[in-house]
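Here is a short report for a first look. Sequence and structure come next.

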Amino acid sequence: MSDPNGNSTGTADSRAMNRRSFLRTSAVLTTGMAALAASLAPLMELDDFTSAERFMQKYYKELTPGEMARVLKRIEGEVERQYGIRPHVRDLKPMDGVEFVYALNLTRCIGCRKCVHACVAENNQSRNPEIQYIRVLKMPHGSIDVEKAQHNYAPESVPEKGFFYMPVQCQQCKNPPCVKVCPVHATWQESDGITVIDYDWCIGCRYCAAACPYWARHFNFTKPTIPKDKVNPDMAYLGNRPRRQGVMEKCHFCIQRTRAGRYPACLEVCPTGARKFGNILDPNSEVSYILRTKRVFIQLKEELGTSPRFFYYFDV
Amino acid sequence: MKNSHGTNAALTGLSFLFSALAAAFLLNLWGRPVPPEPIPPADPVFTNTATARVSGAELIRTGGDASGLDCYACHDKSKPVQLHFDEHKKLVLPEEHQDLVMGHGRHNRNNNCFNCHDEANLELLQTRDGRELKLVESTPLCGSCHGPTYRDWEAGAHGRPSGYWNQKLGPVKREDCVSCHDPHSPAFPSRAPAPGPHPLHPAARAASGSEGGH
């Protein structure tokens, strides 16, 4: 202080912490830290963030039976934590000598949309936002022109005069464009004809949705919501186990039912019996009979060469 | 001197930046997911797998109230039933049978109870080739006229099965004609459709309704 030059005082003042600068700095720091914490707050909402176990999980086709059992246990635990029910998750494999085919009788369909809602209930689809695997198109009589189709019709009663109805879902193509574009092989065609998705392998790029000409693939843009009392506990790994935000899903012919020998949910709820399902390799199955005896078939957008396993037919 | 000012300025700048970020997140400036508008849950009637109607045969099988099928509670066995027709040769239903809708066949052609019912024994059905069938075995009676449909039904291509497509793993349940069709008025009745899809975007949700597109 008594330095005649007065230099050292100034230097010391600026270097050392005095009361005022300490207060200022700490106030700035505290505000800054609080603001940083607040700005990172949205990260707290990522409660569904991947677990180490899921992150380290191997590709579906490379899992040994023991590893698969552990994966199924993990999924059961996750579902129980999230929805409060203990599900039964299975990994059902395709049966030998089985190739599934769907046939839908356009003469019979009245467009009541019961199949849509039975599918949602069976396959644990998000209720809000809605994800629905089946879209029922209403088209004027005369031709099958999807450009003229409506899917949000709401009359007092169906069928309406002058219109017919065409439910569209995954066509389980023999030559599926969605499988070709998947950069990570998270979707593939199984030997029984079902194109499946490994929801743990999907990276959410949505190429498959862009490639699908049938609008069959649905993306979880937000976190799916299912009321706890509406969760179907009969689940399959490649089927109806609950999905996360950021993964693709679609109709899988109710893999958890059909690979156990049962009919799909949309078929069992149809009041008119327009929906037929079965093994095309069995000559005595309903679908074999239909493809043998009925005369008019439509494979939707046949000209694209996707060769759907979903046949629309008429009662002639 | 310079250093200290620089640090202070950087810290102040950073805290302003973070404050702005925090404010932006709180005010939701770039769309943190807002809770979506509620969608009413689908009526359980739309996920119900019951058939379109409950037939008399089903009532008898399941032990329901089948008293309406007891013909001789009112009819007299010794007295043959007289049918009455109006001036247009249309069948006149007696008061007791007013609940029946006579709508089988177009142009009033199927206008006689005894095309299907047995006039000698009202609790039986008769086919045109003279077979007598019990009330619960009506399907071959329908098949005696509706041949192609009956053939489809036998092959499983007509009607709504339930249970197992693979009979090695479980049973399949096939329905009778009358489980879905009213024999007196067999055309499938129209019904209210389930609600359509709700668009993801609230504005589109409000605008949807009669508009088309896919």
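What share of the contacts in chain A with a separation of 6 or more comes from residues 24 or more positions apart? Such residues account for 65% of them. Two residues are in contact if their C-beta atoms, placed from the backbone, lie within 7 Å.

## About the model

This is a predicted model: local features need pLDDT of at least 70, side-chain atom pairs count only at pLDDT 80 or more, and totals for chains, interfaces and linings use all residues. Residues are numbered from 1 along each chain as its sequence is written, while chains are lettered from A and ligands numbered from 1 in the order in which they are written.

## Chain A overall

Chain A holds 10 helices and 12 strands. These are DSSP runs, numbered from the N terminus: helices are H or I, at least four residues, and strands are E, at least two. The C-alpha trace of chain A spans about 115 × 50 × 40 Å along its principal axes.

Of the 316 residues of chain A, 41% count as buried. Buried means that 20 or more other C-beta atoms, placed from the backbone, lie within 10 Å of the residue's own.

## Nonpolar cores

A nonpolar core is a set of buried Ala, Val, Leu, Ile, Met, Phe, Trp, Tyr and Cys residues joined through C-beta atoms within 7 Å. The largest has 70 residues. A:A103, A:C115, A:C119 and A:C266 touch the most other members. Helix α5 (residues 114-122) of chain A gives the most to this core, with 6 residues.

A second, separate core has 7 residues, including B:L125 and B:C177.

## Where the chains meet

The contact takes 57 residues from chain A and 51 residues from chain B. On the chain B side, α1(B) provides the largest share, 10 residues.

Terms used. A residue is buried if 20 or more other C-beta atoms lie within 10 Å of its own, exposed if 12 or fewer, and partly exposed in between; C-beta atoms are placed from the backbone.
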